[in-house]
Amino acid sequence: MAQTTTTTTLRTNLQLGIYKVIDPFVKVLIKLGLTPNAVTSIGFILNVGVAIIFITGAEGGSRIDFSYVGWAGGLILFAGLFDMLDGQVARLGNMKSTFGALYDSVLDRYSELIMFLGICYYLVAHHYFLSSIFAFIALIGSMMVSYVRARAEGLGVEVKGGLMQRPERVVTIGLCAMLCGIMSNYIGGDYKLFIPGIRYHVFETMSIFTIPITILAVLTNVTAFNRLRDAKKALEEKEQA
């Protein structure tokens with residue numbers, strides 16, 4: 001419990017620090033007349049762009065050309081910024097609404113689904129079949145993290161926390177995709193690391209992107225199950241009260 005509290009505190013402090021940085025930009029958006037829903041829509045459109053980049057790289061790029069992965073990673077991070085901007089626009093612009101909160105949650109799910117569609121398409125097209133399975137498992141976990149929280153709130157209890165909430169997922173995928181694209185320029189797109197005595201390579205350029213996705217596949221589902229456990233405990237306490 002202490003570790004969870006510490007993690008939550010660190011996450012909150014980091015979030016507050018980011019808000020201080022982006023607030024001037026938020027005020028510009030408000031002056032331009034953008035509503036929170038408009039900002040949310042822009043984030044969604046950018047994530048469609050992420051999927052288009054991955055699909056274009058799958059259809060037009062070679063297996064050792066990771067420039068598409070790098071550009072997609074940069075756009076993932078930029079699109080993720082709008083996830084924070086819409087909430088701040090609502091708060092600072094005094095434009096909070098119940099529908100706005102629902103709209104934000106729905107488009108966040110669509111954005112993540114579309115992003116993973118592009119990733120899975122790219123991995124399958126370039127024959128990273130095992131990694132594509134882990135990407136799909138990561139997608140399942142990502143959706144269940146959000147679903148368990150939403151369903152629990154519908155039953156009157158609140159479950160938050162976990163290692164892989166949406167901001168962490170966006171940053172992990174975006175940074176690692178961008179790093180993969182950058183590093184391919186230095187180590188080469190066809191780099192492979194072999195260990196004597198092992199028949200197959202243990203690392204390649206694409207691993208910079210796929211290993212974090214594999215970790216994501218595990219941690220998102222662990223987070224979802226932990227939230228389910230916490231919801232069970234909270235519901236039992238509520239029934240006994």
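User: Which helices are included in what covers the buried residues of H5?

Analyst: This is a predicted model, in which local features need pLDDT of at least 70 and side-chain atom pairs count only at pLDDT 80 or more, while totals for chains, interfaces and linings use all residues. Residues are numbered from 1 along each chain as its sequence is written, and side-chain values use heavy atoms, with hydrogens and water left out. Helices (H or I, at least four residues) and strands (E, at least two) are DSSP runs numbered from the N terminus, and buried means under 20% relative accessible area, exposed over 50% and partly exposed in between, with a 1.4 Å probe and protein chains only. The buried residues of H5, among them Ala135, Leu139 and Val145, have a cover that includes H4, H6 and H7.

User: Is serine 131 buried or exposed?

Analyst: Serine 131 is found in helix H5, and, leaving aside its neighbours within four places in sequence, it is in contact (heavy atoms within 4.5 Å) with Leu123 and Thr210. Because its relative accessible area is 16%, serine 131 counts as buried.

User: Which element gives the most to the lining of the second largest pocket?

Analyst: On a 1 Å grid over the protein atoms alone, a cavity is a set of points where a 1.4 Å probe fits but cannot get out, a pocket is an open set with protein on both sides within 12 Å along at least five of seven lines, and lining residues have an atom within 4 Å of a point. The second largest pocket has a volume of about 250 Å³, where grid points are joined across faces, edges and corners and a volume is the space filled by probe spheres set on the points. Of the 14 residues that line this pocket, the closest to its centre are Leu130, Ser131, Glu204, Ser207 and Thr210. Two or more lining residues come from each of H5, strand S2 (203-204) and H7, and the element that gives the most, with four residues, is H7.

User: How many residues of the lining of the second largest pocket are charged?

Analyst: Ala, Val, Leu, Ile, Met, Phe, Trp, Tyr, Cys and Pro count as nonpolar, Asp, Glu, Lys and Arg as charged, and the others, Gly among them, as polar. On that division the lining has seven nonpolar residues and five polar ones, and the number of charged residues is two.

User: Which helix supplies the largest share of the lining of the largest cavity?

Analyst: The structure holds one cavity of 30 Å³ or more, and about 40 Å³ of space lies in the largest cavity. Its lining is made up of Asn47, Ile76, Gly80, Ser111, Glu112, Met115, Arg166 and Val170, which divide into three nonpolar, three polar and two charged. At least two lining residues are supplied by each of H3, H4 and H6, and the largest share, three residues, comes from H4.

User: What distance separates the C-alpha atoms of arginine 109 and methionine 143?

Analyst: Arginine 109 is found in helix H4 (residues 98-125), and, not counting residues up to four places away in sequence, it touches Met143, Ser146, Arg166 and Arg169. Although arginine 109 and methionine 143 are 34 residues apart along the chain, their C-alpha atoms are separated by 7.2 Å.

User: Which residues touch the most other members of the largest nonpolar core?

Analyst: A nonpolar core is a set of buried Ala, Val, Leu, Ile, Met, Phe, Trp, Tyr and Cys residues joined through side-chain atoms within 4.5 Å. Leaving aside its neighbours within four places in sequence, isoleucine 119 is in contact with Phe54, Ala135, Ile173, Phe209 and Ile213. Among the 41 residues of the largest core, those that touch the most other members are Phe54, Ile119 and Phe209.

User: Is asparagine 94 buried or exposed?

Analyst: Asparagine 94 lies in the loop between H3 and H4, and it has a positive phi of about 55 degrees although it is not a glycine. Because its relative accessibility is 70%, asparagine 94 counts as exposed.

User: What positive phi does histidine 127 have?

Analyst: The place of histidine 127 is in the loop between H4 and H5. Although histidine 127 is not a glycine, its phi is positive, at about 65 degrees.
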